[in-house]
Amino acid sequence: MDTKELLKKVRKIEIKTRRLSDHMFGGEYHSTFKGRGMTFSEVRQYQFGDDVRNIDWNVTARYNEPFIKVFEEERELTMMLMVDISGSELFGTTNQFKNEIVTEISATLAFSALQNNDKVGVILFSDQIELFIPPKKGKTHVLRIIRELIEFKPKSNKTDIAQALKFLSSIMKKKAIVFVLSDFIDEGYEKTLKITGNKHDVTGIRIYDEREETIPNLGMVQIEDAETGKLQLVNTKSKKVRNAYTAYNRERVAYFKESFTKAGCGVLDCRVDESYVKKLLGYFKRRG
C-alpha cells in the first residue's frame, strides 16, 4: 500500500470513527469509566450542610470565617488497546474482514479516550508481542495508532492471548482500561486473565464471522488454516465433520465467555455484519 492510499484510508477511518466518538460514545465512555479518585480544586466559603472535615483551617484563620476545600474527580485515565493481528483476523465472507472491524472499533475507542483527555496505548500481538505503542495523548498519536492497525504486517500468524496479557502486566503498573480485541480462537489464558482482571478494568471484544460458526455442505473442500498455513481436504458432506467443527467453535466461544466472566471482566460479541456502534453503546450503557 503506497503512502497516498494509506493516508486516504486513515482519513476515511478518522472521519467515520471520530464522528461516532464525538456524537455518541464520548459521554457514555466518560460516565462508564470514572476517574481514579478526588483531587483538590479550590476553596470556597463554608455553606450549611458542608462536611466539616473539609474545612481549610489555614484559610479560615486568615479570613476569620470558615472556608472549605472543594475536590473534583481526577479524570485522567489510561486506555490500552490489545489487538490480535494473527492470521485468523484476515477472515471475512461478507463486505468486511474481521481486522477491518477491529481497526474501526479501536479507532472509535481511541477517539473517545482522546475526547476525555485520556492517554491511549496499543499492544499488537500474535503469539508474540508484535508492536507496543506506549500510552500518550493527542490526535497525532491516535492517527499513528490507526495507521499501524491498517498496515502493520505481523511476523507470526498464530495467537497467544496469555503471553499478551503477561506483557501488559509487566508494562502497566497503574490501573488501566483495557480492551482486548480478538476472535479468541485460543485457550489456556484464563489464569493470566484472572490476574490481569484483578488489577485492570478489562473487556474482551470478540469479533467473528458467521461462517466461522458452521461449515456448509459443499462436498470435498480444501481448507487452509489461517494460523498455521496448513492445507487439508475436508469432506463437508459428512454430518459428523460439520458437527465436530460446530462443537469446536462453540467450545472456544464458551471458554472465552466463561474465562472473562469468572475473572470479573466485561464481554462483548460483535459479528462483522452487525453494527458495532449499537453493540458498544449498549455495553457502555449497561456498565454506566
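**Entry 1. A pair of leucines.** I began with leucine 124, which stands opposite leucine 131 in strand S5. The model I am reading is a predicted one. I then looked up how the two strands are joined. Five bridges connect S4 to S5, residues 129-136, and the two run antiparallel. Three residues lie between S4 and S5, and the two strands form a hairpin.

**Entry 2. The other partner of S4.** Which strand runs parallel to S4? I found S3, residues 78-84, joined to S4 by seven bridges. On this side I noted methionine 82, which stands opposite isoleucine 123 in S4. I also checked whether S4 is covered. The strand spans residues 119-125, and six of its seven residues are buried.

**Entry 3. Two helices.** I turned to H3, residues 98-115, and H4, residues 139-151. Their axes come within 10 Å and cross at roughly 170°. Angles over 145 degrees count as roughly antiparallel, and H3 and H4 are therefore roughly antiparallel to each other. I listed who meets whom. From H3 the residues are Thr103, Ser106, Ala107, Ala110, Phe111 and Leu114, and from H4 they are Lys139, Val142, Leu143, Ile146, Leu149 and Ile150. I sorted the residues of this contact by kind and got nine nonpolar, two polar and one charged.

**Entry 4. Lysine 16 and glutamate 104.** I counted salt bridges next: the structure holds 14. One of them joins the side chains of lysine 16 and glutamate 104, at 2.9 Å from N to O. Lysine 16 belongs to helix H1, residues 3-32, and glutamate 104 to helix H3, so the pair ties together parts that are 88 residues apart in sequence. Is glutamate 104 buried or exposed? Glutamate 104 is buried, at a relative accessible area of 9%. For lysine 16 I noted 35%, which makes it partly exposed.

**Entry 5. Glutamate 187 and arginine 252.** I looked up a second salt bridge, between glutamate 187 and arginine 252, where the closest N and O atoms are 2.5 Å apart. Why does this pair tie together parts 65 residues apart in sequence? Glutamate 187 sits in the loop between strand S6 (177-182) and helix H6 (190-199), whereas arginine 252 sits in helix H7, residues 239-262. I checked the cover of both ends. Arginine 252 is buried, with a relative accessible area of 10%, and glutamate 187 is partly exposed, with 48%.

**Entry 6. Aspartate 51 and arginine 53.** Aspartate 51 has 30% relative accessibility and counts as partly exposed. Arginine 53 has 72% and counts as exposed.

**Entry 7. A network.** Which residues are linked in a network of salt bridges? I wrote down Arg11, Glu14, Arg18 and Lys139.

**Entry 8. The whole protein.** I count eight helices and 10 strands in the secondary structure. The protein has 288 residues, and 45% of them count as buried. I also took the contacts between residues at least 6 apart in sequence: 74% of these join residues at least 24 apart.

Key. Residues numbered from 1 in each chain as written. Predicted model: local features only at pLDDT ≥ 70, side-chain atom pairs only at ≥ 80, totals over all residues. Heavy atoms only, no water. Buried < 20%, exposed > 50% of the residue type's maximum accessible area, 1.4 Å probe, protein only. Helix = DSSP H or I, 4+ residues; strand = E, 2+ residues; numbered from the N terminus. Pairing = 2+ DSSP bridges. Axes fitted to C-alpha atoms, helices over the stretch in contact; angles between N-to-C directions. Parallel < 35°, antiparallel > 145°, perpendicular 65-115°, else oblique. Contact = heavy atoms within 4.5 Å. Nonpolar A, V, L, I, M, F, W, Y, C, P; charged D, E, K, R; others polar. Salt bridge = Lys/Arg side-chain N within 4 Å of Asp/Glu carboxyl O.
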